Each structure stands twice: as structure tokens, then as C-alpha cells.
Amino acid sequence: TWRAWAIYMVLAAKLSEEQVLKQACPSCDATQLCNCSSMGLDFIPSGITGKITVLNLAHNRIKHIRSQDLQQAVNLRALLLQSNKISSIDEDSFRSLGKLELLDLSNNSLAHLSLAWFEHLFSLQHLHLQGNSYRDLGESSPFSKLRNLSSLHLGNPWFSTIRQGNFEGVVALDKLWIDGGNLSQYEPGSLKPIKKIDHMIINLRNISAFSAIVRDLVHSVTWLEVRKIILQVEKKSLVQNSTLPFRIQKLTFKDALFTDQDISRTIVLLKEITSLKEIEAINCVLEGKGEWDISEIKTSGPSFVETVSVINIMIQNFHLFFDLDGMESQINNLKRLTIASSKVFMVACKLAKHFSSLLYLDFNDNLLVNNRLNETICEGSWPSLQTLNLSQNSLKSLKQTANSVNRLPKLINLDISQNNFGEVPDVCEWPKTLKYLNLSSTQILKLTTCIPPTLEVLDVSANNLREFGLQLPFLKELYLEKNQLKTLPGAAPVPNLVAMSIRRNKLNSFSREEFEGQQVGAVHLSLMECHTTLMVSLICALVFLVILVLVAVGYKYHAIWYLRMTWAWLQAKRKPKRVPATDICYDAFVSYSENDSDWVENIMVRELEQACPPFRLCLHKRDFVPGKWIVDNIIDSMEKSHKTLFVLSEHFVQSEWCKYELDFSHFRLFDENNDAAILILLEPIQSKAIPKRFCKLRKIMNTKTYLEWPPGEEQQEMFWFNLKIALKS
């Protein structure tokens, strides 16, 4: 009996602890993701068990972490403790967290760091320690046992010293971020133990520390980003006693302050880093007007940099800026140049002629007018240029703009959107090589034969066009959205057209001629076009009214949707519930609105498919079999996918749920009651805003944890971490 009593007491204690945890964090009940953030907690609640993989305790009032607090959390993958008041941690507090991959202790009150905290975190990949009160990293390395570390963020306003040995044991990092605004002492060689850093960000004001850090990093870092520095470059070489080859390829200055003298010296010193191919300056201030030491720059030899980007640079007296006469020899190898949002109003013709290798030029959001553009693109200038962006300037004459760019013999892509052209002349001269032209948001009322016939892509969106009748025999893509069109463009003038976007116009009828030679599923012709006699007109009117009533009733009660979904469901029922594991081709099938395609295709796909190891995603645009019925494509892709990602947004709801094309997938997933659905909330959306016909989706949003896309960069790292865990489960 005493054994039974002992077992009872143990179980009672366990249940009591879990009850305490449930009361402190209701979201921890029966889930792997435990969200206890912003609960006003003064300590880590008891009852945290081995089933929890993600524990969020951020934004509380926790001051101390005890040895026993996380002792049972042996399967924890992510521990978020940022924005508390933590000032002390027992040395063996993290001893049982051998599977932990992410630890965030940022924005607390830690006055020192201890190796003992981290020595058992064998799986740790991401460590955030910024925003505490420690002044240094100690006499040795607190990170020496973290062999799998890939990203490290440290530093604070009081952080002043980096010593040799502080990074011993850290061999390679994807990202290293050091907040060192008040870093005053850097011992040379401190960062040399790290043999490979893909991207390093450092906030720094001390110029001697900057020079020493660059010398230590030329062999290890690929992209160095320096923020908030007041650049006063020493004359001492940046690569003194360093041997080739160098690794650094990209250097970014952000929120930095330069003078003319600093720029001259920086250009000379950076030439010594022969591997450097790209330089960026973002949100910087230049106290000067271009009085650079041209003779020193010229005698230092040619530059190896191929890409230069200057974005939102502030020059107080920009109208007095020099024309950089004498810099011609420094720009011969440049291939890509971006000067955006920087009040550029012209480039001297003499200088422009020496951009002999430049392929890409971006002057977006500047002060170019037609007269200055004519000087900027003078005869013989920019001889190799293929892409030119002049959007959001002050150009007013399309004819003069065409005459200017006609001097560019190799131009293929031209963006002159968001200028104010208004009238379009009948005749213009363009480069014969031009294939892409963006004239969107230019206030044009009518298109004429001024538009070059060589185009393959034309964008005239967001204007006031009422018709389109141009002969463009090579055109493949046409963008006409946000205009005043009442009829479709004819097919004959654009025989090679593959894609046309015509949303948000005023289309209200179609004629037979508009569809001549094309197969169209359903065309509703007007009564006047279909019938000649009064009797036939009356009969058709009656039929039309009956159809209208049926359509209205069907629309109100979503009859068509239910029919399509029932048919898809019956088809899916005839297939086996599970496909063999060998037939699984994808980690996830992605269901999303076309309006969210930019985020899905350019952000999520890049993050997941370039992860290590990479995830294989199924996108309808890319992976559906051409010619195959949409229902079969969706069902087959779902069955061959381990998970299904739903990217939910207002667009997803308001666009008739992606025109019902991807909603067939809901039946298969929710009918089987499995756990293969992962919901991503791209923006705030209430479950009550979801149409009632998706009752199971409404229910699952009320009961299932979903991932919300955060605005902040640091929170986004946690988002990707949680998403990858969900995909692996």
C-alpha cells in the first residue's frame, strides 16, 4: 500500500504542477508551443514538461532563473526570455537543454556572461544576448562549447571591450551582430578564430576599432555591414601584413557620417581589398560637396568594385556638389550603379562617357528633368547600358525622354514610371533593342505610335487610358490594370500575347470581334448583338431573367462553390487516404492569394528552399502540371506533400478565396482530421471575417495555434524557426 500511496503522491504532485502551468499560461495546455509572453510573471512557472518544444516567456518581470526551473524541459527547441529583468542565472539552469536550438536573453539586466550557462547547449544555433548591461565578454570565451552556433547577437550601450580569446571555439557563423556603439577597446586578433562569417553587422563609432576589426575580418567575412560610424579613416593600411586571398565581397555603411576627406581616404584604402566587389551606403550623411583628393585616388590604381548602391544619402548643399571631374579612371569596371532618393539632378557628360562597363543604372526617386537628362545621357555615354530606371523623377516630356535614351545603343529595359508625361506624341525615336517599357502611373490619356513596336513587355497600369489599339507584333506581356477601359484590346494587333492583366477597369460588355479566333468558355452577349426580331428578343429576355435569378440565388447560398467542392471531395474519396512515403515529393503544398505572391515567392520560398537542409515547396505557379485539370493538380500535389501551408490575409478572404481554385484542398485536409495544416497569418484577420462556408477553417482558427508574420527583423527569426519546426514535425 505504501508504494501505491507513493505513486499517488507523485502523480498528484505532477498534476498539480501542470495545473499551475495551465493557470499561468493557458496556451500551454496540450500543445508543444507554450506562449507565456506578457503575462506579468515574476518567475518561470513550474510544470514545464518534456512535451514542450517552444517556450515563450518574453516581456515578463522574471529576475532570476533557478536550476530546477527548466530541468524537465528536455525536448525544448526554442527558449524566449527577452525583455524581462533577468540579472542572475544559476550555472546549471540550462544543463538539461541539450536539444535547444534558439536562446533569446536579449534586453535583460545581465552584468556578466558565464561559460557554465552555455556549456551543455550542444545543439544551440541562435543566441541573442544584446541589450543587457555587461561591459565585456570576460577573460575567455563564453561560447567555446557552442559548436553548432550559426547566429550570434551581442552588445549593448555599455559594451566597451573585446579581448583575444573571447570567440575561441566559434568556427563559422551565418550572422554575427555586435552592438558596439561605445566599444573603446578592441584587442587585435580577437575575431580571427572565426574562420567564416557570411554576414556581420556592427554598430561602431571608434575608428581605430573599425580598422582593427577590418584587418581581422578580411579573410573570414563575406558581407560586412557597419552602422552609425563617424568615418575618420586612418592612413594606416586596412590589410597590413595580410596575405591573399581575401574573402570580403560586400561592404555596407548604414546611418554613417562622411566628410570629403574621409571619402577620398576610404576609396584609396578599400582598393587594397582586392576581393571587394560591392559597396553600399544607406541613410548616410555627407558633410561636403565632392571636393575629393582626385590625385591621390588616381595614383592608387584602378578599383575592383563592380556594384555601388547609394540610397537616401543626405547632402545639405547638394546643388553645390562638384561634377567629380578626374574620377573617370575609377569607374571603368563598374557594372551596376544605384543612386536612389538622393536628389540627383544630373551626371556630367564627360563622366558618363567613362562608364564603359555599366550594365544597370538606377536613378529612382531623384530630381532629373528632361533638360538635365539630355546632358546626363549625351552622345557616347553609358555605351554598354542594358537596364535603366528613371522612375519617380520630374520628367514631363515623353518625346524628349525617348530622344535621350535613344542614344543608348544596347538598352533593353526602361522604367520611366511615376513621372508626369500627360500627352503622348505621335512619333518617338527609341533604341531598336528596347524590349521592356514601364509607363505606369505617368498620367497618360492615350497611347499612340510613339510606343516602340519592338516591345515584348509593356506596362501602362494606373493611367487614364480609355482604349488600347496599338500594333505590337512582338508583345508577350501587357499590363493595363487601373485604367478606364470599357472593352478588351483586340487580339489581332498583339498576335504573340501570352499574358494580359486588365484588373480594375470599366469593362461591361464584350463583342464577337474581341474573341475572334479564340476559344472562350462562356461569353454573355448583349441582347442587341444576339437578336434581330422582337419575338426572339422577348424570349431571350425571359431566359436571361430566369438565369439571373438562378445565379443570384446560387451566389447568395454559394451553390456553385458547394457543387465544385462536392465533386472534388468525391474524386478525392476514390483515392487512398495515404500515399506511400516513397511518393512524398514535397515538404509542403502552399495555398495563397495571388496578391500575396510577392511575400510567398520572394521571401518565404527563399528562406525555406535555401535553408540547410532545404525544404521542397509545391507552388501552383511553378509545380502544377500544365494541361492537367486544376482539381487533379491540387489533390495530387497535396497527397505528395507532407504538410499544407495556408497563407491567410485579407486578400485571401476578399478575393473570393483565390477564385475557389485552391479551396479544394480544404476538403481533403479537414475531412481527414489530420494535423497536416499549418496556418500562417500574414496580417491580422478575424476568424469571423472568413466566409461561413469554410466552417471547418473557422473552427480550426479558433482552436489551432497559428503563426503570425511579425514586423520586426528579430521576431522574424523566431517566426522562421517555428515554421521550420512545424514543417519537420
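Colleague: What do the side chains of glutamate 101 and arginine 77 meet in?

Modeller: Glutamate 101 and arginine 77 meet in a salt bridge, at 3.9 Å from N to O. A salt bridge here is a side-chain nitrogen of Lys or Arg within 4 Å of a carboxyl oxygen of Asp or Glu. This is a predicted model, where local features need pLDDT of at least 70 and side-chain atom pairs count only at pLDDT 80 or more, while totals for chains, interfaces and linings use all residues. Residues are numbered from 1 along each chain as its sequence is written, and side-chain values use heavy atoms, with hydrogens and water left out.

Colleague: Where do glutamate 101 and arginine 77 lie?

Modeller: Glutamate 101 lies in the loop between strand 5 (88-89) and strand 6 (102-104), and arginine 77 in the loop between strand 3 (64-65) and strand 4 (78-80), so the pair ties together parts that are 24 residues apart in sequence. Helices (H or I, at least four residues) and strands (E, at least two) are DSSP runs, numbered from the N terminus.

Colleague: Glutamate 101, buried or exposed?

Modeller: Glutamate 101 counts as buried, at 17% relative accessibility. Arginine 77 counts as partly exposed, at 25%. Buried means under 20% relative accessible area, exposed over 50% and partly exposed in between, with a 1.4 Å probe and protein chains only.

Colleague: How many salt bridges does the structure hold?

Modeller: The structure holds 19 salt bridges. One of them pairs glutamate 296 with arginine 265, with the closest N and O atoms 2.8 Å apart. Glutamate 296 lies in helix 5 (residues 294-299) and arginine 265 in helix 4 (residues 260-270), so this pair ties together parts that are 31 residues apart in sequence. Glutamate 296 is partly exposed, with a relative accessible area of 26%, whereas arginine 265 counts as buried at 15%.

Colleague: And what about aspartate 198, which residue does its side chain meet?

Modeller: The partner of aspartate 198 is lysine 196, in a salt bridge of 2.7 Å from N to O. Aspartate 198 is partly exposed at 28% relative accessible area, and lysine 196 counts as partly exposed at 34%.

Colleague: Which residues are linked in a network of salt bridges?

Modeller: Glu609, Arg616, Arg622 and Asp623 are linked that way.

Colleague: Changing topic. How many disulfides does a search of the whole structure find?

Modeller: The search finds three. A disulfide is a pair of cysteine sulfur atoms within 2.5 Å.

Colleague: Take cysteine 25. Which cysteine does the disulfide join it to?

Modeller: Cysteine 25 is joined to cysteine 36, with 2.0 Å from S to S. The pair links distant parts of the chain, eleven residues apart: cysteine 25 is in the loop between helix 1 (2-24) and strand 1 (33-35), and cysteine 36 is in the loop between strand 1 and strand 2 (54-56). The link of cysteine 25 and cysteine 36 is right-handed, with 125° about the S-S bond. Both cysteine 25 and cysteine 36 are buried.

Colleague: What do cysteine 349 and cysteine 378 form?

Modeller: Cysteine 349 and cysteine 378 form a disulfide, with sulfur atoms 1.9 Å apart. Cysteine 349 lies in helix 6 (residues 349-352) and cysteine 378 in the loop between helix 7 (370-376) and strand 22 (387-389), so parts 29 residues apart in sequence are tied together. The angle about the S-S bond is 90°, and the link is right-handed. Cysteine 349 counts as partly exposed at 25% relative accessibility, while cysteine 378 counts as buried at 10%.

Colleague: And the link of cysteine 428 and cysteine 450, left-handed or right-handed?

Modeller: The link of cysteine 428 and cysteine 450 is left-handed, with -95° about the S-S bond. Their sulfur atoms are 2.0 Å apart. Both cysteine 428 and cysteine 450 are buried.
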